[in-house]
Amino acid sequence: MATKSVVLAQLGDIVVEKKYGMSYEEFAEKHLFANYPVVIGDACKDWPAKDKFTPQFFKDNYANREVKVQGKTFLLGDFIDLMMTSTKENPAPYPCKLQIDRDYPELIPDVSPRFKYALPDRTHSKILPEGFIGGADTLEIFLGSPGGQFPYMHYDYMCLHAFVTQLYGDKEFTVVPPSQTEYVYPDPNNTWVSLIDNQRQPDLNKFPLWSKATPISFVVGPGETMFIPCGWWHTAHSLTPTISVALDCLNASNWKNFMGEVDIMMSRNNKAKAMAASMFLNVLGGVFSTTEKLGMKI
Ligand SMILES: O=C(O)CCC(=O)C(=O)O
Ligand SMILES: [Fe+2]
């Protein structure tokens, strides 16, 4: 099937397209290795979650589960009620995140099979020592509602690629290319997080370089997957009640960037350890690439 594509948004030389029927080869060439975002219209077509994940489904099955949202604990049923009455003027807190692997493993089949675009993936490999992506949640459900804004602009931890699939409702994403990193004011202690606090109306006295940035915004709807390549700054806010599933991905296309993040983190405490890690990850990257070429999984 030939790719069908429409332009979702265009600003300067950045164009974000929505594509259907894209081959893996096209994705690899134009997006994964080109490190260029795209909305994929049909990546999750085989997921049972596509018709199943609604606010009512979570209310029916998990009303009594506790969730912590922005430091406050709710029963999920109560949070969903709040979410359904949330308004732009009086938004429910965001994000309400459910960690599938750890807390809702029975939902894994609903977000399977992992779509081809997010393969191969090294985040779950047994030969990648856990410490290197320590704490990264790599499969999460996000519940949002009108006015709910992701709290900070960021790129994904450890330079992982992100795939955010909308299963319910509409979410507006804003992305900024890695080449504009200096306009985004990364926090020196958390270099993947922007210091810009009021994202809707950044204070240009405090963040004058932001005026040079070209953030590009567009809406992602049900059944659509936003591919956010490593290092692209992004944030999102819901236009309606929303349910999304976010997964992260690491492979040959972002391995060097990932190694760069490990180096930044480790060099802070111990330069010798950082150098050893870099040598180790260089070799490991080669091992992964070879096994992936052979179609083997390690
Ligand atoms: O869907 C959103 O609100 C953004 C999610 C996101 O960027 C993330 O989890 O890293
Ligand atoms: Fe993200």
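I'll start with the aromatic side chains: Tyr 24, Phe 27, Trp 47, Phe 115, Tyr 117, Phe 163 and Phe 227 are joined into a cluster by ring pairs. Keep in mind that this is a predicted model. The count of aromatic pairs comes to 25.

One of these pairs is Tyr 36 with Trp 232, edge-to-face, with 5.8 Å centre to centre and 80° between the planes. The two residues are 196 apart, so to speak, in separate loops: Tyr 36 lies between helix H1 (24-32) and S3, and Trp 232 between strand S13 (225-228) and strand S14 (233-238), so the pair links distant parts of the chain. Tyr 36 counts as partly exposed because its relative accessibility is 24%. Trp 232, at 4%, counts as buried.

Lys 4 lies over the face of Tyr 20, 5.0 Å from the ring centre. For Tyr 104, the charged end of Arg 65 sits over the ring, 4.5 Å from its centre.

Next, the metal. Which protein residues are donors of the iron ion, ligand 2? They are His 154 through NE2, Asp 156 through OD and His 234 through NE2, at 2.0 to 2.2 Å. Their spacing in sequence is H-x1-D-x77-H. Both His 154 and Asp 156 are buried.

Last, Asp 42, in the loop between strand S3 (38-40) and helix H2 (49-52). Asp 42 is buried but has no salt bridge. The nearest side chain of opposite charge is Lys 45, 5.7 Å away. Leaving out residues up to four places away in sequence, Asp 42 touches Met 1, Lys 19, Tyr 20, Gly 21, Tyr 117 and Gly 223. Of those, Tyr 117 also belongs to the ring cluster I began with.

Definitions and conventions: Residues numbered from 1 in each chain as written. Chains lettered and ligands numbered in written order. Predicted model: local features only at pLDDT ≥ 70, side-chain atom pairs only at ≥ 80, totals over all residues. Heavy atoms only, no water. Donors = N, O, S within 2.8 Å, 3.2 Å for Na, K, Ca; no water. Buried < 20%, exposed > 50% of the residue type's maximum accessible area, 1.4 Å probe, protein only. Helix = DSSP H or I, 4+ residues; strand = E, 2+ residues; numbered from the N terminus. Lys, Arg positive; Asp, Glu negative; His and termini not counted. Salt bridge = Lys/Arg side-chain N within 4 Å of Asp/Glu carboxyl O. Contact = heavy atoms within 4.5 Å. Phe/Tyr/Trp six-rings, centres within 6.5 Å; stacked < 30°, edge-to-face > 60°. Lys NZ or Arg CZ within 6 Å of the ring centre and 35° of its normal.
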